Amino acid sequence: MAPLPLGADSLRQPESSSPSVREVTPSMAPFRSELPKSDVPLPAGVPQGPVVLYTIEEIQRLGLQANGLVLAARSQVGMAKGGVIAATAYLNPEVMFMMGPMDRRLPERLTGPSDHQHSVTVIQPIENPFMRSARIAASEAIVDASRASLDQVSTDLAALLRVRAYELLLRQDQAELEQSIYDLLNIVRQRIAANVEHGEVARFELIRADTELQSAANRKEAARLNAERAKVFLMQLTAGVLPANFQVKGSLKDPIELPLLDDLRQQVVKVNPDVVRLEAEQERANQRISQERASILPSVNVMYSNYQDQQFHSNTAGLSVRIPIWYRRKGEIDTAIHDSARIRESLEYRRYEIGQIFEAAWQAYQIAMQRVAMFDGGLIKEAENAVRVAEAAYKFGERSLIEFLDSQRILRGILFDALQARFDLHAAAAEIDRLRAHYPKELVPE
């Protein structure tokens, strides 16, 4: 499960653990079949200290405040707001000042005294009001698109943080389960070794117990490393703000609340950040068409000029009009029209695509709910009963050790599948919330 990039593909679920596990559980050390609580010790080299608990919402808050991608998207919003300020500004006037000496071509008695002159000219462009309003509206649409992009990055990160947090809980539960299996096998191995010394059991049984114990030790260490790797991934998404000794305050049994299916279908295609962004870009493209069409109208400059020399003083005012006769910006208008059509088609397809992605996420959510209900509905208890029967038969010599180990292996596989089903349920719910941009938005100040 790659930590980045953010998006629908980044919410992939961790691979299921292999069910090929062997356990032995004598009556004096019952097998822990309940779903364990997350409590995995920190590895060597990590500074020990009091455990700091964070809820999933607090982890989301830290990630949304510290993650560089969110900060960059927030800067994009600020840039777009600066564009609105630039679009609403009036055009600056242009001032020209000229001066220089004057040489006489006629006698001074005819021209009078005159040896220098200077002039000041002021030109004020008068902007087309239709072009100006279209430009301002286009800039405001860019702000809306930037906000939607920020919302997209934020909701992707919030969903990924939620999935990573539950993945950490999953890995820690798996590690604790593997630890309990190892402890039980170690006890079994010690009892078998004692029986071998007394001659009650063949040495082959001790060899088999040693093999099972070594396999459990390998699985225990792999599960512990997977839990630490999941913690590192979560710290990476929060830009290292989380301390090394943090723990997630939550459980795979946390309740999930979602609206009705019909409400979700209507909500997703309206509030999805990608759809909102394309809608804003569609508005920007339409305003660009209006802006290009308004630029065909003549542009006017108001001019004022003051001229002075030793004999004369004059003030003149006038208008400068640029008339688009030979070229009426047909190329720019056609480009804007086709750009608007491109965005409109992208918007329609994206709405359809988001709807289909939601339907797939909803089906995954329903499948996960059915699996959780199946495990909670008695499948685990049936496997526990089978283990107890096999244990009793093994104690009385009616079943072999291999049959007893097989029953324990089946129970372990069911417990791991139950953990995975609960994680899949939370991952599917996180994907649905991502599509409908449901996350603590107050945690993302602009």
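This is a predicted model: local features need pLDDT of at least 70, side-chain atom pairs count only at pLDDT 80 or more; totals for chains, interfaces and linings use all residues.

Mentor: Start with alanine 239, where phi is near 60 degrees, a positive value in a residue other than glycine. Alanine 239 sits in the loop that runs between helix H5 (203–237) and strand E4 (246–248). Its relative accessibility is 47%, so alanine 239 counts as partly exposed. Now go to alanine 437, another non-glycine residue with a positive phi, this one near 55 degrees. You'll find alanine 437 in the segment after helix H9 (401–435). With 2% relative accessibility, alanine 437 counts as buried, because the cut-off for that label is under 20%.

On to the helix pair. The axes of H1 (residues 56–66) and H2 (residues 68–88) come within 5 Å and cross at roughly 55 degrees, so the two helices are oblique to each other. On the H1 side, the contact involves Leu64, Gln65 and Ala66, and they meet Gly68, Val70, Leu71 and Arg74 of H2.

Last, the surface. Ile126, Val302, Leu319, Val321, Ile323, Ile325, Trp326 and Tyr327 make up a nonpolar patch there, and together they have about 920 Å² of accessible area. One of them, isoleucine 126, belongs to strand E3 (residues 116–126). Isoleucine 126 has a relative accessible area of 45%, so it is partly exposed.

Definitions and conventions
Residues are numbered from 1 along each chain as its sequence is written. Side-chain values use heavy atoms; hydrogens and water are left out. Patches are made of residues with over 30% relative accessible area and no salt bridge: like charges are joined within 9 Å, nonpolar side chains (Val, Leu, Ile, Met, Phe, Trp, Tyr) within 5 Å. Accessible areas come from the Shrake-Rupley method with a 1.4 Å probe; for residues, only the protein chains shown count as cover. A salt bridge is a side-chain nitrogen of Lys or Arg within 4 Å of a carboxyl oxygen of Asp or Glu. Helices (H or I, at least four residues) and strands (E, at least two) are DSSP runs, numbered from the N terminus. Buried means under 20% relative accessible area, exposed over 50%, partly exposed in between (1.4 Å probe, protein chains only). Axes are lines fitted to C-alpha atoms, for helices over the stretch in contact, and angles run from 0 to 180 degrees between N-to-C directions. Angles under 35 degrees count as roughly parallel, over 145 as roughly antiparallel, 65 to 115 as roughly perpendicular and the rest as oblique. Contact means heavy atoms within 4.5 Å.
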